[in-house]
Amino acid sequence: MAAQFAVSAALLASLLAFATLATCNTEGDILYEQRQVWRDRYNVLESWDPTLVNPCTWLHITCNNDNSVIAVDLGNAGLAGSLIPDLGGLKNLRFLILSENNLTGSIPPSLGNLKSLTNLELQKNSLSGAIPASLGNIRTLQFLRLNGNMLTGKLPPEILSLVTVGNLSELNVVNNNLDGTVRSSRPRVTAIIQDKLKTAT
């Protein structure tokens with residue numbers, strides 16, 4: 001019986017290790033696919049080697065203790081190109097910082113699948129199209145910075161609802177082409193100050 005238990009335990013450990021490795025490889029595949037799409041003017045992504053076991057040793061990438069990616073920090077990195085939908089597969093991502101580059105195209109709705117995200121910083125790029133309502137699914141989101149792009153349409157109410165049902169502390173969409181606004185160097189600032197919401201008992 002003891003031997004059978006030991007074999008079962010070893011098998012379970014192997015399966016868990018394989019699952020972790022598979023997750024790491026998947027995240028590496030996603031990030032490398034994104035690298036292939038971007039134009040990397042200053043070779044800041046040179047360390048993104050797809051032959052490594054996981055992307056945790058890559059520059060500008062931070063992982064947790066399980067070797068899963070929790071941060072992509074590439075602000076002001078001289079990158080150009082679009083965002084791939086597969087970025088929504090980085091399930092443990094908390095920080096996606098891509099500000100002050102030359103990103104173009106639309107914001108993928110799949111980013112709404114990043115249920116652990118706290119910071120989404122895409123400001124000062126050349127992104128266009130509508131702001132995806134799916135971003136309102138990220139209840140953990142604290143900072144949403146989309147200012148200084150060419151976004152159009154309306155600000156989805158699903159995102160505004162994060163002020164009351166989520167943790168959103170800062171929402172910045174100035175200097176875009178959103179409906180009902182005029183692009184200006186003097187944005188209107190609105191502060192929302194309230195007591196902590198009551199929890200159901």
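Which residue in β12 is the bridge partner of threonine 152? It is asparagine 177. The legends below place that pair and other local features of this predicted model.

**View 1. Whole chain of the predicted model.**
The protein has 3 helices and 12 strands. Of its 201 residues, 37% are buried. Take the contacts with a sequence separation of 6 or more: 58% of them link residues 24 or more positions apart. The exposed surface comes to about 11,600 Å². Carbon and sulfur atoms supply 54% of that surface.

**View 2. The open sheet β8-β10-β12 holds 3 strands.**
Its pairing is parallel. The edges are β8 and β12, and each pairs on one side only. Strand β10 spans residues 150–153. β10 meets β12 (177–178) through 2 bridges in the parallel sense. Strands of a sheet pair through backbone hydrogen bonds, either parallel or antiparallel.

**View 3. Asparagine 175 sits in the loop between β11 and β12.**
β11 covers 170–172. Phi of asparagine 175 is near 60 degrees. That is a positive value in a residue other than glycine.

**View 4. Strand β3 pairs with β2 and with β5.**
β3 takes in residues 69–73. How many of its 5 residues are buried? The count is 4, so β3 is largely enclosed by the rest of the structure. Strand β2 (residues 61–63) runs antiparallel to β3, with 3 bridges joining them. Strand β5 (residues 95–97) pairs with β3 in the parallel sense, also over 3 bridges. Alanine 71 of β3 is the bridge partner of threonine 62. Alanine 71 also stands opposite phenylalanine 95 in β5. In a regular strand the side chains alternate between the two faces of the sheet.

**View 5. Asparagine 67 takes a positive phi in the hairpin of β2 and β3.**
The hairpin has 5 residues between its strands. The phi of asparagine 67 is near 60 degrees.

**View 6. Asparagine 76 lies in the loop between β3 and β4.**
β4 covers 79–81. What is the phi of asparagine 76? It is near 50 degrees, a positive value in a residue other than glycine. Asparagine 76 is exposed because its relative accessible area is 56%, and the cut-off for exposed is over 50%.

**View 7. A disulfide joins cysteine 56 to cysteine 63.**
The structure holds 1 disulfide. A disulfide is a covalent bond between the sulfur atoms of two cysteines. In the link of cysteine 56 and cysteine 63, S to S is 2.2 Å. The angle about the S-S bond is -95 degrees, and the link is left-handed.

**View 8. Residues 25–64 carry a UniProt annotation.**
The record is an unreviewed entry, and it reads "domain: Leucine-rich repeat-containing N-terminal plant-type". Over residues 25–64 the chain is 32% helix and 12% strand. The end C-alpha atoms of this stretch are 15 Å apart.

**View 9. Glutamine 36 is found in helix α1.**
Helix α1 comprises residues 2–37. Is glutamine 36 buried or exposed? Glutamine 36 is exposed because its relative accessible area is 53%, and exposed means over 50%. Glutamine 36 and glycine 81 are 45 residues apart in sequence. Their C-alpha atoms are 9.8 Å apart in space.

**View 10. Serine 134 is found in the loop between β8 and β9.**
β8 covers 128–130 and β9 covers 143–145. Serine 134 counts as buried because its relative accessibility is 18%, and the cut-off for buried is under 20%. Which residues does serine 134 touch, not counting those up to four places away in sequence? They are Pro109 and Gly112. A polar atom of the serine 134 side chain lies 2.6 Å from the backbone oxygen of proline 109. The C-alpha atoms of serine 134 and isoleucine 159 are separated by 8.1 Å. Along the chain, serine 134 and isoleucine 159 are 25 residues apart.

Definitions and conventions. Residues are numbered from 1 along each chain as its sequence is written. This is a predicted model: local features need pLDDT of at least 70, side-chain atom pairs count only at pLDDT 80 or more; totals for chains, interfaces and linings use all residues. Side-chain values use heavy atoms; hydrogens and water are left out. Buried means under 20% relative accessible area, exposed over 50%, partly exposed in between (1.4 Å probe, protein chains only). Contact means heavy atoms within 4.5 Å. A polar contact is a pair of N or O atoms within 3.5 Å; within protein, one must be able to donate a hydrogen and the other to accept it, and residues adjacent in sequence count only if both atoms are side-chain atoms. UniProt positions are given in the numbering used here, feature names are shortened, and annotations may be inferred rather than shown by experiment. A disulfide is a pair of cysteine sulfur atoms within 2.5 Å. Accessible areas come from the Shrake-Rupley method with a 1.4 Å probe; for residues, only the protein chains shown count as cover. Two strands pair if DSSP finds at least two bridges between them.
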